[in-house]
Structures are given as C-alpha cells and as structure tokens.
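Colleague: I would like to learn how to read pockets and helix packing. Could you take me through a case?

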Amino acid sequence: SASERRSVIEDILDLNVFSLMNDVLKEKRSLLREKINKIDSAVSTVKEKINLQKNHIESLKEKGKETLENNQSKIEESQSKIEEFQNKITSSENKIKDLEVNIEDRSSIENSLSKLEELESQMKRNMKSIKKEISFFNTNTSCPTCDQPIDSSFCDEKTSNLEKNITDLHLGLEKIDDSIVEKKETLFSYQDFINKIKVIQGEITNYNSSVSAIFKYIKKIQDENNELQLSDYDVSAEVSQLEDFNSELESFLDEKESVLSTRSEYQFMTTLLKDSGIKAKIIKHYLPIMNKLINKNLTEMDFFVQFTLDEEFNETIKSRFRDNFTYMSFSEGEIDLALLLAWREVAKLKNSASCNLLILDEIFDSSLDSVGTDDLMKILDGLSQKNNIFVISHKADQLVDKFKNHIKFKKVNNFSRMK
C-alpha cells in the first residue's frame with residue numbers, strides 16, 4: 001500500500017529520527033502544559049487574594065474599627081482554615097505520590113507477565129512437537145521418506161535426548177508458572193494501593209469543597225463590612241500586603257509569558273516534524289530521483305510504461321504515455337524489481353556508501369517469464385562490474401549459460417549439502 005511504501009522510503013532515508021524527535025517533543029509539550037496549568041492555578045489564586053485584599057481594604061475604610069477588627073479576626077480564622085485544608089491537600093497529594101511509587105512498576109510487570117505467558121505457550125508447543133517426534137521414533141523403524149532403516153541405537157539415543165528435553169521443559173514451565181503466579185499476585189496486591197489512591201482523591205475533593213465554602217464565607221463577611229463606615233481607619237498594612245500580592249502576580253505572569261514563548265517554539269517544531277514538514281521536503285527532493293531510476297530500470301527491461309510516484313506514494317502508470325493503469329493491472333514482477341533496484345540506488349545516494357553485494361532469492365522462479373529473465377539479466381550484467389551478485393534459483397537448467405560460476409546443492413536425508 002502507499003503508506004507501506006512511505007514507511008520503506010522513510011526507513012531508507014533515515015527519516016524515522018524525525019518521528020523519534022516528535023515523540024520527545026510530545027513529552028516536552030505535555031510537561032509544558034502541566035506547567036502552564038500550575039501557573040494558571042497560581043495566577044488565579046493570587047488574583048483571588050488580590051480581590052479579597054482589595055475588598056478587605058475597602059471594607060476597613062468604610063466600617064467601624066471594632067466591627068472591622070472582629071470581622072478581620074473571622075477572616076484570619078477562615079484563612080487559617082483554608083491554609084489548614086491546603087496543607088491537607090498537599091499532604092494527601094504527597095500520599096498519592098508515595099502510593100504511586102509502590103505501583104510505578106505496574107506496567108513493566110504487566111509486560112513481563114505477557115512475555116512469560118507467551119513463552120509458556122511456546123514451550124508447550126515445543127513440548128508437543130518433541131512428544132510427536134518421540135512418537136515417531138517409537139513407532140517407525142524406517143524413514144517414511146527414503147525407506148532407509150533407522151538404527152535402533154540411534155532411536156534410543158534420540159528418544160533419550162528428546163525425553164531429557166521434555167524434562168527440562170517441564171522444569172522450565174514450573175519456574176515460569178511460579179513467576180506468572182508471583183507477578184499476578186503482585187498485580188493483585190497493587191489493587192489495594194489503587195483503592196487507597198481513589199479514597200485519598202475523594203478526600204482532596206472534599207477539602208477543595210471546604211476551601212470553596214470558606215472563600216464564600218469570607219466574601220459574606222466582607223459584604224457585611226461594606227455596610228460599615230470608618231474613614232479614618234489605618235489600612236497601610238493591608239495596602240502593603242496588596243502590593244506584595246500584585247508583585248507576586250506580576251512574577252507569575254512573567255513566568256507564564258516565558259513558558260508561552262517556549263510553547264510557541266514547540267508548536268513551530270511540531271509543524272516541522274509532521275509528515276507534511278521536514279520529511280515531506282526531503283521526500284520531495286528524492287521523488288524525482290526515484291521516479292527517474294524506476295523508469296530507467298523499466299526501460300532496460302523493455303517494459304515501456306511511465307511509472308510515477310507522487311508525494312503520498314500513490315502510483316500513476318501510463319502505457320504508451322496516455323492510458324492510465326494501476327499497479328495491480330500488471331504481472332508486477334518487472335515493476336517490483338524496478339522499485340527495489342531504484343530504492344537500492346537511493347539508499348546508496350542517501351548514505352554516500354557503495355554497496356557491492358546483491359542477493360536475489362528465487363527472483364527468476366516467480367513472476368518473471370523468459371523475456372523478463374533476459375531483461376533482468378541485462379541490468380545484472382550492467383551491475384556486475386561493481387557488484388558481487390548471488391542468485392538463488394531452482395531453475396538452474398534455464399540459467400546455466402547466464403552465469404560464470406555455479407554452486408549446486410542437493411538434499412541428503414532432508415539436509416542441504418553442497419554438491
């Protein structure tokens with residue numbers, strides 16, 4: 001498919017590094033979002049403090065001194081409760097972190113458990129295969145393939161070795177079963193930590209509700225203070241506190257501006273690392289080279305079509321340069337070889353390295369007819385000056401006059417031997 005072609009080309013052109021960079025960038029953006037959320041929360045808290053302080057100063061100016069002092073005591077008591085709840089929230093959050101430490105390896109244990117179960121299944125299949133082989137030696141005195149008699153001592157030795165393998169597999173399965181049980185018990189034990197975390201999260205929700213209720217109570221007291229008048233009350237200390245809050249707010253806003261600047265840079269980097277960014281530019285540079293090499297190879301194989309890949313790696317094939325066809329319209333053999341040889345050249349260009357080894361495994365045995373074979377040999381003859389070419393084929397009789405050197409193999413007792 002087009003997406004698979006793109007994956008192959010990205011691998012050849014070493015573009016996977018951009019995907020890795022994008023993964024790193026995603027993690028950094030996630031951390032940055034958390035930092036922005038924390039700053040926004042801090043800004044919101046300071047703004048609330050500023051509003052409360054402004055209201056408090058205003059009320060002090062307008063209300064009687066005695067009433068104001070009494071109300072101030074209530075406000076301070078409420079703020080103390082807020083601080084107490086916030087400390088509880090912080091303590092609860094720390095407890096959650098401590099509990100999460102106990103289950104931080106949960107993912108790795110689950111992965112390990114999956115691998116152990118897969119290994120257990122594989123060992124059981126191996127054991128079944130060995131038992132089948134033992135049954136073969138116990139029930140056969142001659143080879144069913146070549147009718148040669150099987151020596152009894154060989155059978156006994158083979159059976160003994162296979163039974164030892166089964167014993168070893170049994171021991172291995174027992175160890176694996178113990179490990180599986182242990183890991184499942186560990187995962188089960190984590191459920192207690194998970195439940196505790198949920199309980200603590202519920203407590204944090206209740207604390208936040210209490211803090212919100214106290215803020216409303218403070219606002220109610222300040223509304224009552226607005227009804228009082230005391231123009232000559234000294235509010236210099238409260239004004240100083242307000243200035244401190246404003247300085248704190250300015251500090252948070254400056255920090256947020258810096259973080260937002262970094263986020264803007266990350267967004268720009270994200271655009272660059274998308275499939276439509278740097279990778280598209282690099283692929284666009286190599287596409288004309290690929291298309292040129294593909295069509296050169298097709299021409300050398302007397303396959304006269306115009307083959308073009310676009311930036312999405314969809315193909316356009318024109319026969320006689322006017323009739324449109326698809327990849328599936330052809331026997332595919334010549335096109336496949338043209339693509340593979342072209343991508344091989346692209347890899348050489350990309351890595352500035354000379355590749356002098358080419359192995360073709362049963363290429364002549366599948367979709368190539370005699371004409372296609374002759375055409376491919378033209379290309380191989382052109383490559384043989386600088387390459388060591390090895391061709392693996394079952395059609396030795398048809399290819400005997402096309403190569404200078406031959407290595408022939410024959411099967412002896414189901415094993416390949418050099419003839």
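Modeller: We start with pockets and then turn to a helix pair. This is a predicted model, where local features need pLDDT of at least 70, side-chain atom pairs count only at pLDDT 80 or more, and totals for chains, interfaces and linings use all residues. Residues are numbered from 1 along each chain as its sequence is written, and side-chain values use heavy atoms, with hydrogens and water left out.

Colleague: What volume does the largest pocket have?

Modeller: Rolling a probe the size of a water molecule over the atoms shows where empty space is left. On a 1 Å grid over the protein atoms alone, a pocket is an open set of points where a 1.4 Å probe fits, with protein on both sides within 12 Å along at least five of seven lines. Its volume is the space filled by probe spheres set on the points, joined across faces, edges and corners. Here the largest pocket has about 1100 Å³.

Colleague: Which residues lie nearest the centre of the largest pocket?

Modeller: Lining residues have an atom within 4 Å of a point. There are 26 of them, and V391, F403, N405, H406 and I407 lie nearest the centre. The strand β5 gives the largest share, five residues. Strands are DSSP runs of E, at least two residues; helices are runs of H or I, at least four, and both are numbered from the N terminus.

Colleague: How do α1 and α7 cross?

Modeller: Two packed helices are described by the angle between their axes and the distance between the axes. Axes are lines fitted to C-alpha atoms over the stretch in contact, and angles run from 0 to 180 degrees between N-to-C directions. The axes of α1 (residues 2–12) and α7 (residues 278–300) come within 11 Å and cross at roughly 95°. The two are therefore roughly perpendicular, a term for 65 to 115 degrees. R6, I9 and E10 of α1 meet K279, I283 and M290 of α7, with contact meaning heavy atoms within 4.5 Å.

Terms used:
Parallel < 35°, antiparallel > 145°, perpendicular 65-115°, else oblique.
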